[in-house]
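Thank you all for coming.

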Amino acid sequence: MNTGFRFAGLAVVGLMLAAPTANAMLIVNGEAPRSFSGYNGQPATVTGTLSSGYTGTLQTDSDGTVTFTYLGNESGDVNRFNFGVGGQTLTESTLGTTISGSVGAGALWFSFTDLTRSSTFYNGNVRAMVFVPDVTTGSYGSFQYVIGFNDNGSSDGDFDDFVVGVNFTSVPEPGALALLGLGLVGLGLSRRRSTRA
């Protein structure tokens with residue numbers, strides 16, 4: 001087998017290993033199924049009516065970038081989404097507003113604050129939030145998860161008081177990048193030999 005082809009094969013393998021995976025790295029730890037009803041108003045207009053998801057703690061199992069997108073609210077209370085990276089927030093303002101930041105493996109540091117009642121609920125609060133996987137919207141794209149929040153951790157259980165879409169992109173492992181580099185060098189050598197022949 002030609003050495004150039006061997007290196008080219010390594011390049012392909014390196015590309016596959018280095019490509020970030022879309023869904024595999026964002027998970028709900030301790031997930032428990034949760035059905036709910038009454039999801040309506042502005043969020044339902046954006047995401048369609050949602051009625052089931054999971055409770056637990058949203059986390060990643062690798063380093064990467066997480067992006068949160070505001071998808072609407074349906075509440076008499078004033079609420080806010082808080083992201084621990086850089087103290088960023090989403091408010092009940094413009095639909096599609098995004099915030100993002102680099103995160104390490106583990107639980108994501110975010111919370112919702114019900115400003116009307118001065119209450120804050122952190123990632124993992126099973127009464128206050130639900131995680132709905134694989135949601136596609138018409139105007140704002142697809143999300144690996146949508147987080148639905150119940151302000152005041154309340155009794156109505158509709159999870160539409162403040163809604164946020166979440167996407168995560170993992171950072172390729174250094175070993176995969178090294179393999180990709182080696183494969184690209186081999187591909188270059190293979191092309192160089194074939195042009196000389």
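Please keep in mind that what you see is a predicted model. If we pair rings of Phe, Tyr and Trp whose centres lie within 6.5 Å, the count comes to twelve aromatic pairs. Let me take Phe 68 and Phe 83 as an example: their ring centres are 4.9 Å apart and their planes stand at 65°, so this pair is edge-to-face. Phe 68 belongs to strand S3, residues 64-70, while Phe 83 belongs to strand S4, residues 79-83, so the pair ties together parts that are 15 residues apart in sequence. Phe 68 counts as buried, at 0% relative accessibility, and Phe 83 is buried as well, with a relative accessible area of 2%.

A second pair, Phe 112 with Phe 149, is stacked, with 4.4 Å from centre to centre and 5° between the planes. Here Phe 112 sits in strand S8 (residues 110-114) and Phe 149 in strand S11 (residues 141-149), so parts 37 residues apart in sequence are tied together. Both Phe 112 and Phe 149 are buried. One aromatic cluster includes Phe 68, Phe 83, Phe 112 and Phe 149, with Phe 121 also among its members.

Four strands form an open sheet in the order S5-S4-S8-S9, with antiparallel pairing, and its edge strands, S5 (88-91) and S9 (119-122), each pair on one side only. On average, neighbouring strands of this sheet are turned by 25° against each other, direction ignored. Between S8 and S9, which run antiparallel, there are four bridges, and Phe 112 stands opposite Phe 121 in S9.

Definitions and conventions. Residues are numbered from 1 along each chain as its sequence is written. This is a predicted model: local features need pLDDT of at least 70, side-chain atom pairs count only at pLDDT 80 or more; totals for chains, interfaces and linings use all residues. Side-chain values use heavy atoms; hydrogens and water are left out. Rings of Phe, Tyr and Trp (its six-membered ring) pair if their centres lie within 6.5 Å; planes under 30 degrees apart count as stacked, over 60 as edge-to-face and the rest as tilted. Helices (H or I, at least four residues) and strands (E, at least two) are DSSP runs, numbered from the N terminus. Buried means under 20% relative accessible area, exposed over 50%, partly exposed in between (1.4 Å probe, protein chains only). Two strands pair if DSSP finds at least two bridges between them. Axes are lines fitted to C-alpha atoms, for helices over the stretch in contact, and angles run from 0 to 180 degrees between N-to-C directions.
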